[in-house]
Amino acid sequence: MTEKNGGRHCHGSNTKPQAVRRSNGTIYYPNCTAARSTGAAPVRRGQPGYGTHLDRDRDGIGCE
């Protein structure tokens, strides 16, 4: 059986993680790689896209 993706597992794709613009207009970065790829890192508390999942030490600065 031939795979459509050439036999590669999905984690081997060359696509970069992206920011997600939600329907309410807010921005969500699923991880720091996505925040960095858009030039948003570091993301500070109160800025669009900040989330505690990006702020490991909970100092108010994510992806530092």
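Predicted model: local features only at pLDDT ≥ 70, side-chain atom pairs only at ≥ 80, totals over all residues.

**Entry 1: a cysteine to start with**

Is Cys63 buried or exposed? I looked up its relative accessible area and found 7%, so I wrote Cys63 down as buried, the cut-off being under 20%.

Next I asked where Cys63 sits, and I found it in the segment after strand 4. I also checked the backbone there: phi of Cys63 is near 60°, a positive value in a residue other than glycine.

**Entry 2: the disulfide**

I searched for disulfides and the count came to one. Cys32 and Cys63 form it, with their sulfur atoms 2.2 Å apart. I noted -90° about the S-S bond, which makes the link of Cys32 and Cys63 left-handed. The pair ties together distant parts of the chain: Cys32 lies in helix 1 (residues 32–37), Cys63 lies after strand 4 (61–62), and 31 residues separate them. I looked up Cys32 too, and at a relative accessible area of 18% it is buried.

**Entry 3: overall layout**

I stepped back to the whole chain. I listed one helix and four strands, and along the sequence they run β-β-α-β-β. Of the 64 residues in the protein chain, 20% are buried. I noted an accessible surface of about 5,000 Å², with 49% of it belonging to carbon and sulfur atoms. Among contacts with a separation of 6 or more, residues 24 or more positions apart account for 11%.

**Entry 4: the core**

Which residues make up the largest nonpolar core? I wrote down eight: Tyr29, Cys32, Ala34, Ala35, Val43, Tyr50, Leu54 and Cys63. Helix 1 gives the largest share of this core, three residues. Both disulfide partners, Cys32 and Cys63, are on that list.

I then picked Ala35 and looked up its contacts, leaving aside neighbours within four places in sequence. Ala35 touches Tyr29, Ala40, Ala41, Val43 and Cys63.

Most residues other than glycine have a negative phi, and most peptide bonds are trans, so I went looking for exceptions. I found a cis peptide bond joining Ala41 and Pro42, with omega about -5°. Pro42 is in the loop between helix 1 and strand 3 (43–44). Arg58, not a glycine, has a positive phi of about 55°, and I placed Arg58 in the loop between strand 3 and strand 4.

**Entry 5: Asp55**

I stayed with the loop between strand 3 and strand 4, where Asp55 is also found. Asp55 is buried, with a relative accessible area of 0%. What does the side chain of Asp55 reach? I found the backbone nitrogen of Gly60, at 2.7 Å.

Setting aside neighbours within four places in sequence, I listed the contacts of Asp55 as Arg45, Tyr50, Gly60, Ile61, Gly62 and Glu64. For Arg45, I noted 10 residues from Asp55 in sequence and 9.1 Å in space, C-alpha to C-alpha.

**Entry 6: confidence**

The protein chain has a mean of 84, and 75% of its residues reach 70 or more.

Note on methods
Residues numbered from 1 in each chain as written. Heavy atoms only, no water. Helix = DSSP H or I, 4+ residues; strand = E, 2+ residues; numbered from the N terminus. Buried < 20%, exposed > 50% of the residue type's maximum accessible area, 1.4 Å probe, protein only. Contact = heavy atoms within 4.5 Å. Areas by Shrake-Rupley, 256 points an atom, 1.4 Å probe, with all protein chains shown as cover. Disulfide = S-S within 2.5 Å. Core = buried A, V, L, I, M, F, W, Y, C linked by side-chain atoms within 4.5 Å. pLDDT = per-residue confidence, 0-100. Polar contact = N/O pair within 3.5 Å; in protein donor to acceptor, adjacent residues only side chain to side chain.
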